[in-house]
Every structure is written in C-alpha cells, then in structure tokens.
Amino acid sequence: MKSGLMAGSAMLLYLLVLCGLLATALGNAGSEFDPYKTLGVTRSASQAEIKKVYKRLAKEWHPDKNKNPEAEDMFIKITKSYEILSSEEKRANFDRYGQTDDTQPYGHGHRGFRHFHDNFYFDESFFNFPFNSKSGRDSADSKYMLHFNQYINEVVPDTFKRPYVIKITSDWCFSCIHIEPVWKEAVQELEPLGVGIGVVDVGYERRLANHLGAHRTPSILGVINGKVTFFHYAVVKEHLIQFVEDLLPQRLVEKVTDRNDRDFLKSWHEVNKPHVLLFDQVPVVPLLYKLTAFAYKDYVQFGYVDQGLSETANLLKQYNINTYAPTMLVFKENTDKPADIIQAKGMKKQIIDEFISNNKFLLAPRLVNQKVFDELCPVKQFHRRRKYCVLLITGEEDAFVLGNKAFLSLASANTNEVLRFTYVYQRQQQPLCAVLLKNRDSTPPQVVILERRNGAGKVLYKPVLGGWNGSEEDKHRLLEELERLQKDPSILNHDAMLPELNNEFASMFLIRWIYTAYDYLSEIIDDLLHNNWREMMPLLSLIFSALFILFGTVVIQAFSDSSEEKQSKPKAKEAAKTENGSPNTTNTSSRPPKKNFVEVTELTDITYTSNLVKLRPGHINVVLVLTDATKNILLSKFAKEVYSFTGSLTLHFSFLNVDKHSEWMATLLEYAQDAMQIDMDEEEGGSRKMDYTGYVLALNGHKKYLCLFKPVYTGEDAEGKSEEDAGSSSSRSRSGSKDEHQHRKSSARSRSTTLQIHHKLDRLGLWMERLMEGTLPRYYIPAWPGLDKITVNK
C-alpha cells in the first residue's frame, strides 16, 4: 500500500514537473518576439494599416534621426516585423505556429518548444497528430506543393505538353486523410507516365485555391491546355487514371489496320510530320502512348496497331514485327521503309521520349509556321553552334515535282548535323520569299543558304545562282557552295530582316469559335451535373436575369396588345358612327381606318375651356377646320399627316366644324389682325365669303398666339383627269343608254371634288415640322373668343 502510494506520488510529481516544463516553454514562447506588438497593430490589421504604421515607426526610430541608444535595435525589430507581416505566407506561419525564424520555414524541421536549455523540445508527433502541419502530413506531398507564382509561370505553360492532377487539401481535414493512401498509389502510377502532380494547401495558398475555383477540401482537379476540370467521382485509383485519360483530347492516336495503313502513312505531305506506329498486344491504346502523343502532337502523327487483331496480320508480316515485345516504327518521306525502329520489353517513358525527340522532323520539312522555322534554323549562339538552313523556294504545281524530289534525295543523303534542308511554298509564304528574292530577276524554284543571327529576324544568306531544276548540274553546284560554306562562312554576303512566317495550319475563326463554345458548354454541363453551384451562381444569375427580362417583356407586350385591341374595337365602332352619322353628332374622336390611330377631339362648348383656354403652359392644340361634307375625308388625311408627331406629349389634336362655329372662327381671325389681313388680301374685293375648310390652327392657350396653315392644293388636275376618264368610259359604252352616260359623268365629277378636298392637306406634314422647330410666324391675340361664339347656332 505504501509503495503504491509512493508510486502514485512519483507519477503526480512527474506530471507536475511536466506541466511546469510546458508552462515554462509556453512562457518562453509567449515572451518571444511578436511583430504585432512591435508595430502596435492588431492581428486583424490590413496590409494598408501595417504599411502605414511601419512607415511612421521606421521614420521615428531610424538611427540617423533618433539618438536613443536603443534606436538601432528597435529599428531592426520594426523592419523584421514588417517583413513578416507584409508576407502572406510568413504572417500565416506566425499566426499558426508563432514561428518567425526565416531559416526554418514552415513545413520543414521540428516544431514545438525549443528554448528550454537549447536541447529540449516537444515534437508534435509526440501527440501522434497526422495533420495540422506540413511535416505531420505525408512527406511525399511536400515535393508537389504548389505556390501561386509557380502555378502561373511553370505549371500552366507545361499543361500544353502534359496534363496535371492537383489535390486540394488543408490542415485539420479528416477526409483528406482518408483519401491519402489512394492518392499516393495513383501518384506512384501516373507520375512515371509523365503526368504532372501538384498539391495545394488552402491554409497557405488561399489565393491559388480561389484561382482554381476550389472552395472545399479535399478536392481533386485536372489541368490541361490551361483549362481546369474537377474530379467528381469516388476516389479510387482506377477512377483517377480514367480521369487523366478523359482529360486528353480525342483522336490523338489513330487505330491502324491493313485497310488504312497506306492512307495513314502517305499523309506526311499534308500534315508535314513524321508518322509513328506502335505495335502492341493490348486492345486499347496504352495511356503512356497517349501521353506521348499529346506531348509531341505538334511534331509527330501517332498510330496504334493492335497485334491481336486479324486485320493487322499483313502489317506484322510486312515489317517483321516481334509480337513478344512492343515495337515502335517511325516513317518519314519514304513510306515503304521505316526511318527508325525501337523495340523493348518494358517500354519506358524516357526511352520513348528520346526516340521521338530524335525523329521530330522529316528529312526535308516544310516551313509552315514561325515555330517550325525557329526550331529547324535556330539562332546562332556561338561559333560551335552554327546551324545553316538550305532553303528551297518552290511551288505545289506539277511543274515543280521533279525539282522537289531531287532536293529531297539530296536531303536524304545529308549526314552533316550543321545543315538542315527545308523548303517553302512561295504562294503560302509570300512575304518571306519576297525578302529573300528581292532585287533579283529570279523566280522559283530557287535555293537559298541562310543563317539566323538573332530572334528579331536578322539573317545572313546567299542565293545559289542558276536556280534549281533538280538536274545533276544543280546538285553539283549546290554541294560546291556547301563545301565552301564549311571553310568560309563569309560567303553569306547578304543580310535581311525576315518577316514572321504565316501559320499555314491555323484553323479558321469559325472553327476556333465553335471549339471554344463547345468547351464552355461542356464545362457548364459538367458543373450542373455535379452541383458545383458556387462556381455556377454568377453564370446562372446572368442567364436567369436575361430570361426574366426577355419573357417579361414578351408577356407585358402581349397583355398590352390585347388591351389595345379591346379598346380599339369600341372606339372604331364609335368612329364609324361619327363618320356615317348626322351633322349634329358630337363624337369626341375620329380615327383613320388603321389600328394605330390619332386621338382627335371636337372643339365644342364642352371641351373649349380644357382644350384651349386652360391649356397647360408649353402645350399646343392643333385644330383642323372642316365642314359636315368634308369631315370624313379631311379627318382621315389629317390623321395620316400628323401621325408621326403623336409621340410629343405637348401636342393635342382637335377639329372644329365651321358649319356650327363660323362666328368663332371669324372672331378669332379678327383678333389676329395680321392673319386676317392675309386672308383679306386673297379675297376678290371682299364680296365672296371666306372658305375656311382645310385650315389648321396651332393654338397656344397659355401664351395666346396661333400659327395658321392654309390649304395648298398640290395634286394633279383632278377635273381634267375625271373628264378624260368620263370620256373614255363613254366611248367604251356607246351602246349604252344616255341615262347611264349621265350617271357616270356625275360620278366622275363627284370623284374630282373628293380628290381636290383630299389634297388640301398635302403640305401639312412640312408645316408641322416647322411648328415643332418654332420657325412658323405667330399671330398674337388679346383674348380668346367667348363661349357664346362657340355655341351651336340654332
């Protein structure tokens, strides 16, 4: 019992000592340098606040200005504090672990309490935490950690040659721990094939995670050609490998059999690339071969031959393929015999890359774009790295075939590594050919020997005299020039600045647009199917807003049209009654026989005050003067002439029946002496009564003035025309009775009168334009005529 008590006391004492050590270590850690306290800012301070405080304190404690003995130490602390807090990584590291030592960045070395007699510390592995720090996680991830600048400057350009698979993780992520074994197994299989691997810790690289669109952990995404695609399936190794295959473009590798092998190999001329055939026994194209095809897609055309198919038996026999090991053949201009061959039991990536790199170009490739030109004819760097291009300027027509074949045969026999034989089509690369052949009376085919001197386009060159027809003499002359060049590079006595080459394989704008639209649609559908709503919300909001505006406008327009139809029907009936009714009818509206109408109100004793006397300032009432006989004709013509001005809110339209209100009209013109004088001048001695039919008055009730429109007949001679019509009709009906002839004659005369009245308002549209411009003469009146002048005469 006593020994047990002593053991318990010893254990308690041990725990107390341990707690004391922890407290001391914590106290020491807490008493360490704190950049927040040094600068006097809070932990939530922004970068702008920190920078502002730093400038003030640095100026205050600068040793050159502050003579305090502690100024120098304080200035160093202030500078170090700002260095830590101005860096997002260092600040996050200090906030998490209290670490400020630049020589031990987070994620490396031991963490814990290190300042107890310089040889005591607690490693967090003591608590067996598999997370909460980079060192606590699998150390294999540390070499794949990505930073924002590294991703932008290195990873994105590299994704145009190989796909990347990136894991998004964070501290205290329990789900990340569960997928770790599968992730490690997939990485071990994918990385040797050439797939790029990356890991992003959200706690340290929040900016990169947001850039990638990763808002939860764990997440796995793929990047190819700069485009991000998320992995949405169960984290299983087979699914991850299939995800990488799905990232790759379609038709990278063509299946080749006995039926299409000739067509595949003979396409070297159109695509300007060597062709590589892989013979293997698996029915599907290996992922390694697909990744190689993607990496060298700009240089080589790839095909795959399944040795297990009966349709490939002739190919195996023709090229004597060993079926027990994968075999690769490369074909160039000669499609009957491979230019190079490789066979290996275990085909590794390094072996394939070396094989393809040594056979990236044809024996005499065509310069189809600037990229090919830069690689085939590199810029001279120093004497031992001289590269000379023997360039044939030729054409595609049949007349150039023999010369092109002779040039190819010369290129096939070339073993000199400093010489590269190439050719261009003049029609495809006219700017380049124009520079090389300028000031010389020469036409293709021509051979030019050149050497690039800088990346800006400067070259030294020399045309081979005599042209090129492919004869033995031409070959001999070219070989002599090349021998001289080896001994004396100064024979290149011409220099020029070459323009950038045209890209002959550039796709049309429409095709590029279709591919881009397809990529966007695929991404949208993928996000919708997998509920990636956070990334989709801005786009969905835009789409629904556009649909709401579109359908809302359509619905409102539909209801507006239906209401207008309902209103127009009774008003049309009312107008018909007015036109066909008795002279005493006082209908307040009349419209032309169209759906779009003009509201015209009759000026009577009822509407007189509101439509004229108390008209609002700035408003004008345009009044048509008519009679019972001319009402229908003039109202229809009036509506058509003023219809284009109905959009103005300051114009009102009325009509005045002069048969009822002739006294008001006469009194009004008496008040306007100038207007009356004009009318009196046109009367014949004043004996004939004035006819006001067709007059139009623009009345400004507030300022008490009017503008006057007088009818101007501009139509043809309606009477003469009517008489001719009547005469012609009578001549056609001489066999008819005299009564019928008289009836037609009276009808023609009536139509003549109608036409004449109709043309009275021919110039009204021009007059309305001048009214709106304010250029019409105004006739001011002292007061509007009284109501007794507008009352109907009994």
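**Close-up views of a predicted model**

**View 1. Cysteine 433 is buried.** Its relative accessibility is 1%, and buried means under 20%. Cysteine 707 is buried too, with a relative accessible area of 3%. The model shown here and in the other views is predicted.

**View 2. Cysteine 173 and cysteine 176 form a disulfide.** Their sulfur atoms lie 2.1 Å apart. The link of cysteine 173 and cysteine 176 is right-handed, with 80° about the S-S bond. Both cysteine 173 and cysteine 176 are buried. A search of the whole structure finds two disulfides. Counting bonded cysteines along the chain, the pattern is 1-2, 3-4.

**View 3. Cysteine 377 and cysteine 389 form a disulfide.** Here the sulfur atoms are 1.5 Å apart. The torsion about the S-S bond is about -100°, so this disulfide is left-handed. Cysteine 377 sits in the loop between α15 (370–376) and β10, and cysteine 389 sits in strand β10, so the pair ties together parts that are 12 residues apart in sequence. Cysteine 377 has a relative accessible area of 3% and is buried. Cysteine 389 is buried as well, at 2%.

**View 4. Strands β10 and β11 run parallel.** Seven bridges join β10 (residues 388–394) to β11. Valine 390 has phenylalanine 421 of β11 as its bridge partner. From β10, the chain passes through helix α16 (residues 401–412) to reach β11. This β-α-β crossover is right-handed.

**View 5. Strand β11 (residues 419–425) is largely enclosed by the rest of the structure.** The reason lies in burial: six of its seven residues are buried.

Definitions and conventions: Residues are numbered from 1 along each chain as its sequence is written. This is a predicted model: local features need pLDDT of at least 70, side-chain atom pairs count only at pLDDT 80 or more; totals for chains, interfaces and linings use all residues. Side-chain values use heavy atoms; hydrogens and water are left out. Buried means under 20% relative accessible area, exposed over 50%, partly exposed in between (1.4 Å probe, protein chains only). Helices (H or I, at least four residues) and strands (E, at least two) are DSSP runs, numbered from the N terminus. Two strands pair if DSSP finds at least two bridges between them. A crossover is right-handed if, with the strands pointing away from the viewer, the path from the first strand over the helix to the second runs clockwise. A disulfide is a pair of cysteine sulfur atoms within 2.5 Å.
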